[in-house]
Amino acid sequence: MKPIYLTLRMPFEKLATGASRFWGNPDLPKGTEYPMYIDDEGDPYPYFFICQINLKQLAEFAPDNPLPHKGLLSFFAKIDHYLGYMAASYGISGYISSADDVKVLYFPETDTMEEVVLLDDEDNPTAPEEMEITFAHIVEPLSDEHELFAEPTHREWETWDEPFEDWSILLQIDSFEGKDFVLNFMDFGVLDFLISPEALKNQDFSDVRGIILST
């Protein structure tokens, strides 16, 4: 599968529910709780929302892509530390993570979704400002490497560690910054979400893993 780049820009107006977006707040089916994990202190803590992909929009751009052709695919991960929250644990590192370090959720329908906003102790939104996602097969040299189905160009060895040798990159997120955030993966590296061929074929996103690569 040829890599598909995510190109990001600030929208002119608030993005519609179910639209492809980076940062901001996730859209979840009504009544669905925000994804949480248990932190080092034994307390529930929210995963950081990275992006959501409108799969119908993606299919219109790339009809041969192996993801479902409708619904929403949403990506969360333990990346707080890489956004400057120094008290947070690293979570994902240069080794393939455990399954609970990332969370990828697939929602077949978007009709009953609503935006879920996380607030801090002063009732301020915690997420960076939302960015609109569009798709491209070609980008300018030195552009940010946000990609679906990326090639493992940042990997310095031939394959992933056992037993993940044949796993592929579902999504790659590059280090970058904006007016209200700085995302830095271990000296300007990338975060890769990895999935097995069987899971991708079966559209099963329950055992996606993460790894940070930095050269």
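This is a predicted model: local features need pLDDT of at least 70, side-chain atom pairs count only at pLDDT 80 or more; totals for chains, interfaces and linings use all residues.
View 1. Residues are numbered from 1 along each chain as its sequence is written, and side-chain values use heavy atoms, with hydrogens and water left out. Strands β15 (residues 190–195) and β16 run antiparallel and are joined by five bridges; two strands pair if DSSP finds at least two bridges between them. Strands here are DSSP runs of E with at least two residues, numbered from the N terminus.

**View 2. Strand β16 (residues 209–213) is largely enclosed by the rest of the structure, because five of its five residues are buried.** Buried means under 20% relative accessible area, exposed over 50%, and partly exposed in between (1.4 Å probe, protein chains only). Side chains in a regular strand alternate between the two faces of the sheet. Look for R209, I211 and L213 pointing one way from β16, with G210 and I212 pointing the other way.

**View 3. R21 and D27 meet through their side chains in a salt bridge, at 2.9 Å from N to O.** A salt bridge here is a side-chain nitrogen of Lys or Arg within 4 Å of a carboxyl oxygen of Asp or Glu, and the count by this rule comes to ten. R21 is buried at 1% relative accessibility, and D27 is buried with a relative accessible area of 1%. Both belong to a network of salt bridges that also links K14, E115 and E130.

**View 4. K78 and D101 form a salt bridge, with their closest N and O atoms 3.1 Å apart.** The two residues are 23 residues apart, and both lie in the loop between β7 (72–77) and β8 (102–107). D101 counts as buried at 9% relative accessibility, and K78 counts as buried at 10%.

**View 5. E129 and K179 form a salt bridge, their closest N and O atoms being 3.1 Å apart.** This pair links distant parts of the chain, 50 residues apart: E129 sits in the loop between β9 and β10, and K179 in the loop between β13 (176–178) and β14 (181–183). E129 is partly exposed at 37% relative accessibility, whereas K179 is exposed at 71%.

Key: Helices (H or I, at least four residues) and strands (E, at least two) are DSSP runs, numbered from the N terminus.
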